[in-house]
Amino acid sequence: MQKEITEDSSSDVQNGPRNFWGVLGKDGKLSDLPLAVKAVIGVLFIALLVLGISAVYGTVPAGEDPGAFLDYPSEWDFRWEVIKAIDGVVDWVVIHWETFFIGIRTVVLGILIPFRNFLLWLPWWLVIIGTGLVSWRVTGLKFGIISVIFLSLMSLMGLIDFLMLTLAITLTSTLLCVVIGLPVGIAAAKSNRFDSILRPILDGMQTMPSFVYLIPALMLFGLGMTPAVMATLIYAIPPIVRLTNLGIRQVDASVVEAARAFGATSWQLLFKVQIPLALPTVLAGLNQTVMMALAMVVLASMIGAGGLGVEVLNGLARVEPGRGIVAGTAIVFTAIILDRVSQGLAKGRQTQRVIA
């Protein structure tokens with residue numbers, strides 16, 4: 001009995017408010033304070049901080065340097081050294097890796113030029129009818145009619161050739177994104193360590209302003225369509241890498257174990273089980289990649305890419321708002337068609353998966 005009384009009394013003493021925070025919060029924890037009290041404390045802290053800084057600045061005579069205590073010391077600024085170092089690395093790469101970049105330019109133009117020539121060779125009426133048929137079969141009759149209307153309006157505005165150039169750059173970039181992004185996404189799904197290394201790189205690629213990608217592409221490849229394709233590739237590849245990784249990781253573990261139990265090899269497991277089941281997610285990543293590639297057309301026109309982006313750029317440079325609005329509307333129409341068609345493909349694969 002005496003032991004119980006002692007324990008009860010000791011617990012009362014421990015739980016009692018013994019300091020300022022104990023009076024305000026439970027067990028002296030700041031996180032247990034009421035929201036109003038936290039707000040008042042935060043306002044008081046900011047007010048005291050502002051008053052303290054103002055008092056320090058008040059001690060500085062008018063027109064004099066406040067000193068390193070208040071202003072960042074200029075001798076600590078190494079920005080120009082970093083800029084010069086980066087410029088030096090770029091110059092060294094341009095000089096010593098010229099053959100490598102010529103090879104990349106040859107590959108890109110080997111895909112892009114025939115594709116562009118083929119699209120420009122197609123009759124305008126065949127482009128409209130073919131796009132309408134594809135849209136009808138993939139998404140439905142209603143959107144098939146809408147896509148025909150969109151392309152007819154672009155033809156009436158004289159933008160069909162600009163559209164073909166834009167599609168050539170966009171689809172070439174998307175093709176390269178798929179060729180590079182799928183293996184990288186599969187490798188990330190197979191290795192947690194590689195995934196942890198790749199994730200911050202993809203975060204940086206997606207958060208970097210898209211205009212910045214034009215600088216190294218222009219330095220390494222010069223003006224023209226090749227730097228536009230490479231800048232678009234870097235900007236648009238993260239979604240397909242991420243969603244390929246995610247789709248393979250989300251495949252049901254019991255299905256994978258069943259395939260292994262039946263003696264499937266690693267390649268059979270990947271190509272006959274994991275990729276088919278992950279294909280709807282991969283196609284969703286492809287949809288995002290296409291949209292991001294199309295979003296670069298205006299910026300890519302600044303380095304000689306051509307296409308609808310040139311019309312937008314000319315409307316801006318010549319202060320012709322109508323020209324820019326017409327070309328911008330055509331880009332919107334193109335984005336809607338590509339988005340709905342790629343989404344329709346992804347939904348079709350999802351439906352086949354559910355039925356199977």
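User: Which residues of α11 are buried?

Analyst: Buried means under 20% relative accessible area, exposed means over 50%, and partly exposed lies in between, with a 1.4 Å probe and protein chains only. The buried residues of α11 are M225, T226, P227, A228, V229, M230, A231, T232, L233, Y235 and A236. The helix is thus described as mostly covered, with eleven of its twelve residues buried. This is a predicted model, in which local features need pLDDT of at least 70 and side-chain atom pairs count only at pLDDT 80 or more, while totals for chains, interfaces and linings use all residues. Residues are numbered from 1 along each chain as its sequence is written, and side-chain values use heavy atoms, with hydrogens and water left out.

User: What covers the buried residues of α11?

Analyst: Cover is read through contact, meaning heavy atoms within 4.5 Å. For α11, the cover includes α5, α8, α10, α12, α14 and α15 (297–300). A view from α8 is given by S173, which is found in that helix. S173 is buried, with a relative accessible area of 0%. Leaving aside neighbours within four places in sequence, S173 is in contact with V229, T232 and L233.

User: How many helices and strands does the protein chain have?

Analyst: Helices (H or I, at least four residues) and strands (E, at least two) are DSSP runs, numbered from the N terminus. The protein chain has 17 helices and zero strands. Buried residues make up 32% of its 356 residues. Among contacts with a separation of 6 or more, 72% join residues 24 or more positions apart.

User: How is the length of a helix checked, and what span should α11 have?

Analyst: The expected span is 1.5 Å times one less than the number of residues. The twelve residues of α11 should therefore span 16 Å, and the end C-alpha atoms are 16 Å apart, which agrees.

User: Where is the kink in α5 centred?

Analyst: The bend at a residue is the angle between axes fitted to the seven residues ending there and the seven starting there. In α5 the kink is about 25 degrees and is centred on L109. The buried residues of α5 are F101, V108, L112 and L119. They pack against α4 (79–96), α8, α10 (214–221) and α11.

User: At which residue does α9 bend?

Analyst: Helix α9 bends by about 25 degrees at L198, and a proline, P200, follows within four residues. L198 is also one of the buried residues of α9, together with D195, L202 and M205. Their cover includes α8 (160–190), α11 (225–236) and α12 (238–249).

User: How much space lies in the largest pocket, and which residues lie nearest its centre?

Analyst: On a 1 Å grid over the protein atoms alone, a pocket is an open set of points with protein on both sides within 12 Å along at least five of seven lines, where a 1.4 Å probe fits; lining residues have an atom within 4 Å of a point. Grid points are joined across faces, edges and corners, and a volume is the space filled by probe spheres set on the points. The largest pocket holds about 620 Å³ of space. Its lining has 27 residues, of which T131, L167, L171, I337 and L338 lie nearest the centre. The elements that give two or more residues to this lining are α5 (98–121), α6 (124–139), α7 (141–156), α8, α14 (266–295) and α17 (321–355).

User: What is the relative accessible area of S155?

Analyst: S155, in helix α7, is partly exposed, with a relative accessible area of 21%. Leaving aside neighbours within four places in sequence, S155 is in contact with W124, I128 and I160.
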